[in-house]
Amino acid sequence: MDEDLDILYDETATDYDEIDEDEAIEAIEERILENVPSDIDKREGSLIYNALAPIAIELSLLYQELKLVLDEGFADTASLDYLIRRASERGISYKEATRAVVKGRFLPSSIDVLGCRFYLVDTELAYVVTKKIEDGLYELECETAGLDGNVPSGQLILDETNGNDDAANLETSEIIGILEQAVEEEDVEAFRQRYFDSIDSQAFGGNIADYKSKVLAQPGIGGVKVYPVWNGGGTVKLVILNQSFSVPDERVVEELQTLIDPEQNQGEGKGLAPIGHVVTVVAAEAVLMNLEIEVAYTGGATQETSEETMKAAVEEYLLTVRQEWGEADFETGSVVRKSYIENKLLSLPQILDVQVLTVNGNERNIELEPHQVPVMGEFTYVEGITTT
């Protein structure tokens with residue numbers, strides 16, 4: 001292949017190693033040249049060779065594009081954009097990241113800050129005042145979608161007054177609470193599984209699969225257990241987790257209740273629930289996992305330098321328990337296993353040895369009720385902790 005064709009080859013065949021042997025440029029060239037009469041010069045650099053070689057390159061690229069079409073055409077291999085299009089055919093939507101809504105306090109309370117934009121001190125997070133609650137108290141929405149905006153407290157700095165020059169006279173501007181927790185965008189593989197679950201389960205007319213499908217399709221919902229006939233015929237209870245697999249706040253519960261079966265006319269079919277179904281939506285109950293542990297550290301680590309990392313490791317395990325919570329039926333509760341917690345702690349480089357003595361004062365695994373989920377509590381350290 002001459003120099004000009006080498007350049008074209010290198011620029012276009014970046015995935016050449018992944019191409020099947022029969023689809024490689026050389027193989028295509030060979031097959032094309034086999035159809036050229038033998039009395040014509042087909043050597044590299046000849047007129048016919050230079051005329052046909054670029055065609056072989058384009059055909060090889062075409063094979064790659066055809067492979068891409070196949071991958072994107074099936075749900076198990078499709079990238080997110082095409083998976084969203086495939087799922088939409090079954091009425092399943094991808095859950096985008098949401099924006100946190102926080103409560104802000106602004107003094108003097110006589111100054112109206114509606115529409116003003118503030119920065120959170122020492123961060124790049126910006127919040128816009130969207131609604132007045134009462135004098136001095138407002139709702140603010142974070143401009144950044146995702147968990148970063150879930151800030152329960154912090155000082156605010158005025159950035160834009162939106163024409164309200166009085167805002168420059170504020171003496172106090174701060175966040176004092178979270179009104180609506182933001183969630184990250186849905187994990188692609190979780191979305192893919194949700195699509196397949198919609199096919200595997202037979203959702204029909206208000207059965208358990210139907211309720212699960214409808215609830216999990218809503219923004220901000222990560223898990224649900226459906227309790228049929230929980231309080232007599234025609235009653236249904238939905239116990240939910242938010243998209244971060246944590247206990248949802250009251251607003252999420254109220255919004256889902258209104259969507260499924262509004263309280264003011266329950267059972268009338270004014271929501272997604274069938275006529276005659278009286279649906280009650282509640283949040284899962286959080287149960288703190290308080291651990292009594294004995295730890296030996298390594299590398300000069302101490303309790304003070306290691307505690308946050310250890311809690312994060314345990315929380316990572318508890319998160320997996322909460323993620324699996326909604327997959328079990330409504331009669332099955334989660335189990336928090338001491339050995340799993342010990343394994344998570346032992347995986348940390350600063351931990352030489354660890355023993356979980358009790359969980360919530362119990363020397364055995366913790367078996368939760370079906371409506372309960374575990375969340376991180378406190379560590380209690382026994383005396384005589386050794387450091388090496």
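In helix α5, the buried residues are Phe191, Arg192, Arg194, Tyr195 and Ser198. Buried means under 20% relative accessible area, with a 1.4 Å probe and protein chains only. Seen down the axis of α5, these residues fall within an arc of 155°, so they line one face of the helix. The arc is taken over the directions from the helix axis to the C-beta atoms. The buried residues of α5 pack against α4 (80–88) and α6 (208–216). Contact here means heavy atoms within 4.5 Å.

The model is predicted: local features need pLDDT of at least 70, side-chain atom pairs count only at pLDDT 80 or more, and totals for chains, interfaces and linings use all residues. Residues are numbered from 1 along each chain as its sequence is written, and side-chain values use heavy atoms, leaving out hydrogens and water.

Helix α5 covers residues 188–200 and has 13 residues. Helices (H or I, at least four residues) and strands (E, at least two) are DSSP runs, numbered from the N terminus. From first C-alpha to last, α5 reaches 18 Å, close to the 18 Å expected at 1.5 Å a residue. The expected span is 1.5 Å times one less than the number of residues. At the start of α5, a side-chain oxygen of Asp187 comes to within 3.1 Å of the backbone nitrogen of Glu189.

Glu139 lies in strand β4 (residues 137–145). Glu139 counts as buried because its relative accessibility is 13%. Leaving aside residues up to four places away in sequence, Glu139 touches several residues, including Val101, Val128, Lys131, Leu179 and Arg251.

Technical notes: Buried means under 20% relative accessible area, exposed over 50%, partly exposed in between (1.4 Å probe, protein chains only). A polar contact is a pair of N or O atoms within 3.5 Å; within protein, one must be able to donate a hydrogen and the other to accept it, and residues adjacent in sequence count only if both atoms are side-chain atoms.
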